[in-house]
Amino acid sequence: MLSISLSSFSSVFERIAFLFPVQFSLEGYVQVFEQTPFFTWLRNSLIVSVLLTFGQLILGVMTAYAFARYQFFGREVVFFFVLCTMMIPPQAIMLPAYLVINFFDWINTYKGVIIPHLANGYAIFVLRQFFLQIPKELEESAQIDGCNDFQTLYHIYLRPSINVLIGVAVIQFVNNWNDYYWPLLVLMDQQKMTLPVAIVQFRNEAFVEWVPTMAAATMSILPVVIIYMFAQRYFTEGFLRSGIK
Amino acid sequence: MKNTFSTAYFFLTPALVLYAIFFVFPFFFSIYISFSDWNLISNEKTFVGLENYIHVFKDVVFWKAVKNTITYVLVTVPISVLLGLIYAVLIESAGRARNIYRFLFFIPVVLSVAATSLSFSLMYSPQSGLINQFLHFIGIDGPSWLQQQNTALLSIMIVGIWQSFGYNVILYIAGLKRVDKELYEAAEIDGASKWNQFVHITFPMLSPVHLFVFVVTMIYSFQVFSTVQIMTMGGPNNSTNVLVFYVYQEAFQFFSTGYASAAASILFIIVLILTIIQVNLIKSKVHYQ
Amino acid sequence: MKKAKWVTIFLIVSLLVISGCSSQENGSSTNSSPRENKNTTEDTLNENEEIVEIKFTHIFGGSKGEAINALVEGYNNSQNKVVVTAEQVPGWYGGLLEKLQALAVSKQLPDVTLSGLEFSNYMNEVMPIVPAQDFIDKENMDVSDFIPSMLVLGQDENGKQMALPFAISTPLIYVNKDHFKDAGIDFTEQPQSWDQIRKWARQLSDNDRKGIFFQMDFDTWMFQTLVESHGGKYASLDDKQVSFNKDAGKQVLQYWVDMVHEDRSYPLMNGDQAAQSFQNGQLSMLVASTGNLTQIADGVSFDLGIMLLPEEGRKLPAGGSSIYVLASTPEREAAAWDFVKYATSPEGSALVAEHMGYMSVRESVIKEDGILSDYFRKNPLAYKTYRQLEDIVSWHNWPGDTGPRITKIMMDEIQAAFIKEKSVDEALEDAASQAKQILGW
């Protein structure tokens, strides 16, 4: 399976040979650069994904902390609701969400792409699970030492969970990076589009120009693969420590 | 100090406000539209009562989509979870090459669905595709994977499993690391075989992980959409149409906002039920521990 | 506790700042592309008139997209009052219609757009368009150079010109002449009958190769072509009659199903895969749109031939697109119309034909000493497509917004027959009865 996944990209450089290209050529890449504003899209993707991931983490930490450490009226119900948001397929709510964006006049802006997705059920859920594991005694002793709520959050919760945070950040970044349908619906100008659009760029009615398509696909996944490569250690560790329950 | 309502809600407010605007409101708005006949562009919305729901329930395609979604979830979830477990155990006993394997298995998870789906539809090609070329090479006449009724959904499921099980591998590896090594040492002394160790130590010790992996995979499977949209458009004759694709198609291809919203509302109800089941599962596990 | 509140407020504010940044970011990038164009026109700008910036949506990426950009650039450089920005919408004509629908909701429609000919009724009846006829009448414009059978494609049922034809295609048979030679079949440009084609397809097929494929992933274009070429009727909106399920329809679907299951000369695959197989030399005949000509010709290493459809009773529904002006302000509409005129002018149309592989809509382009005479001399294959010109008919449009749904139902039922889930008769009857139900006929 794996070898196929890797080879499928390379084999298409020059039509199909069993695994390897018959003729090696960079034509496809050249075509991508010539015919699409590839670097503009790359930049747009970076902006959108970084901001979105960052926002999701901040909100995730805050919300998860509230769920994990406070007893408050309606906690169960609200948490149940967060789980529901995770379950609902994004495409099922896309149309009314589009109408909301339109109401705010955010069509064709990055606000429209980013803000609706800032609150993310997955980030909240995983962080809550991790926070639940941190012994309450630690927190109590911190408070005896005079820490306020935010200092507690920082010292007791955030510092030990750096690996989990990185893990969640990578997962979210990858998802945001690969999100295709929502940006495509909200954005209109080619200059504003994000990278996944590049992959379908060379697809005409019933005729796919495979070489540039796969070149674009390869280049668009490169950033996430690199990030994953570097973050991998934290990542597994993060899950390890999060003691998924 | 701790149990204050106000501080808690200070932390919660930003997320809740966002959820309210971009989730709760669209949710109810969608339910509202589901009782009307509206084509999005015109300003007129006529109230039609349950007509949209009746249409959806009478639609053969809707039931095909329900059936396909259930089949998809029932097949992909167990396989993906099981493969995750098997590979996690194998990788953890692989010695030094562990890191490379971990990395490789996770690659499908990071790939964009668009890239994956396009690559697979190339590989599934009956003549020039890699899969059939290989089958041809060993003397088998391969099917038209995506165009035949008996293989189309299967092909989509294979892609779904391929995409998701790497994530499960990582989760299981994380779980395996938490299992107390002394247990194995003790078992070793008692002369338990590797298989017995797995059955009596590894598997039961992983029970919280099983649950989490199961829930996550289920959520993921239930939302299957992009592979269908890119590879088959629900065909042939809706044999790969799934619920989310059905909603999408009604909304964005047929512009039937009312039907689409009715179908979406039905989907919401299913989601609600599934979530209740999952929450109860998680709860019972937590008590059990 | 107080501190807690402040930090929360800080976090919220910082989030808003983040989103603020992003909106500025995109504000600057919107302007960047028209401005580049503006520079080129500003050099020639003498008068102090306001420049009108308009948006044009189309569907072409890759090399075809480059041709569109060349067209737009040519227009922007040809005058100094209007600057057109081209925006590509992925997902072919269906994707474009989806996008237009969404933009109509947000009142951000472009000023000019292409639209697939299968969606003409939808555009005419649902979208806020400005009929081309309004401009033609006002300017007393001479449209006699447009090829008559193409001009009709932009008209509604009363002969009112709603749009102008832009990029037109007809079905064509792409042939691997090497395979014909291998099988000992004499290649001809004009086959006698559909039965002859079936016979060839059978002869050409073996373990590694298949004989024929009809490209019909997204629509029922091929089905209409064959039904009407077999003397059948598709449907009549005036009489409220659905007729594709009559004898001709059954005959056509049976013809395909037999080739798939009896002759095993027609592989079950999708259009992408078929194009791939054809280029790889694993498929001998590909029945597809003329619009694929340039790309197919570029990607093959064998002797490529083009066969016209059998002449007897031939009817060719025109595929491709027409170009519409959408309602906005009078100035913008005028600017949009000016661009439409350029895009469909002999020069514009020649560019579309030469670089995109579609058919030109202008007589003066295709006549013997016309603009493209050199190109046609070098590419005789491209010229051949015009020999089918007089057989062009309109692509059938269902009324109002029923089109996409009926088309989908028909495709589903045709697929059902292809995979033998239903018999040919059953499939067509089911399709017809569902269509009638939707239409209320």
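Which residue in strand 3 of chain C is the bridge partner of C:T57? The partner is C:T113. The model discussed here is predicted.

**Chain C as a whole**

- Chain C has 441 residues, of which 50% count as buried.
- Among the contacts in chain C with a separation of 6 or more, 74% are made by residues 24 or more positions apart.

- Strand 3 of chain C covers residues 112-116 and is mostly covered, since five of its five residues are buried.
- In a regular strand, side chains alternate between the two faces of the sheet.
- On one side of strand 3 of chain C lie C:V112, C:L114 and C:G116, on the other lie C:T113 and C:S115, and all of these residues are buried.
- Strands of a sheet pair through backbone hydrogen bonds, in either a parallel or an antiparallel manner.
- With strand 1 of chain C (residues 52-58), strand 3 of chain C pairs in the parallel sense over two bridges.
- With strand 13 of chain C (residues 319-326), strand 3 of chain C pairs in the antiparallel sense over five bridges.

**Strand 6 of chain C and its sheet**

- Strand 6 of chain C (residues 171-176) is largely enclosed by the rest of the structure, because five of its six residues are buried.
- Strand 6 of chain C pairs with strand 10 of chain C (residues 283-289) in the antiparallel sense, over five bridges.
- Within strand 10 of chain C, the residue opposite C:V175 is C:M285.
- Strand 6 of chain C also runs antiparallel to strand 11 of chain C (residues 304-307), to which four bridges join it.
- In strand 11 of chain C, C:M307 stands opposite C:I173, and C:G305 is the bridge partner of C:V175.
- These strands belong to an open sheet of four strands in chain C, with the order 7-10-6-11 and mixed pairing.
- Strand 7 (210-214) and strand 11 of chain C are at the edges of the sheet; each has a single partner strand, so one side of each lacks a neighbour in the sheet.
- On average, neighbouring strands of this sheet are turned by 20° against each other, with direction ignored.

**Packing of helix 10 and helix 18 of chain C**

- Two packed helices are described by the angle between their axes and by the distance between those axes.
- Helix 10 of chain C (residues 247-261) packs against helix 18 of chain C (residues 403-418) at an angle of about 40°, and their axes are 9 Å apart.
- Helix 10 and helix 18 of chain C are therefore oblique to each other.
- The crossing of helix 10 past helix 18 of chain C is right-handed.
- Helix 10 of chain C contributes C:L253, C:W256, C:V257 and C:V260, which meet C:I414, C:A417 and C:F418 of helix 18 of chain C.
- This contact between helix 10 and helix 18 of chain C comprises seven nonpolar residues, with no polar and no charged residues.

**The contact between chain B and chain A**

- In this contact, 67 residues of chain B touch 58 residues of chain A.
- Several elements of chain B give two or more residues to the side that touches chain A, among them helix 4 (98-110), helix 7 (149-178) and helix 13 (257-288).
- Helix 1 of chain B supplies the largest share of the side that touches chain A, namely 18 residues.
- By class, the residues of the side of chain B that touches chain A comprise 53 nonpolar, eleven polar and three charged.

**Residue A:A68**

- A:A68 is located in helix 3 of chain A (residues 38-69).
- A:A68 is partly exposed, because 17 other C-beta atoms lie within 10 Å.
- Not counting residues up to four places away in sequence, A:A68 touches A:R128, A:F131 and A:L132.
- A:A68 and A:A119 are 51 residues apart along the chain, and their C-alpha atoms are separated by 17 Å.

Methods. Residues are numbered from 1 along each chain as its sequence is written. Chains are lettered from A and ligands numbered from 1 in the order in which they are written. This is a predicted model: local features need pLDDT of at least 70, side-chain atom pairs count only at pLDDT 80 or more; totals for chains, interfaces and linings use all residues. A residue is buried if 20 or more other C-beta atoms lie within 10 Å of its own, exposed if 12 or fewer, and partly exposed in between; C-beta atoms are placed from the backbone. Two strands pair if DSSP finds at least two bridges between them. Two residues are in contact if their C-beta atoms, placed from the backbone, lie within 7 Å. Ala, Val, Leu, Ile, Met, Phe, Trp, Tyr, Cys and Pro count as nonpolar, Asp, Glu, Lys and Arg as charged, and the others, Gly among them, as polar. Axes are lines fitted to C-alpha atoms, for helices over the stretch in contact, and angles run from 0 to 180 degrees between N-to-C directions. Angles under 35 degrees count as roughly parallel, over 145 as roughly antiparallel, 65 to 115 as roughly perpendicular and the rest as oblique. A crossing is left-handed if the near helix is turned anticlockwise from the far one by less than a right angle, and right-handed if clockwise.
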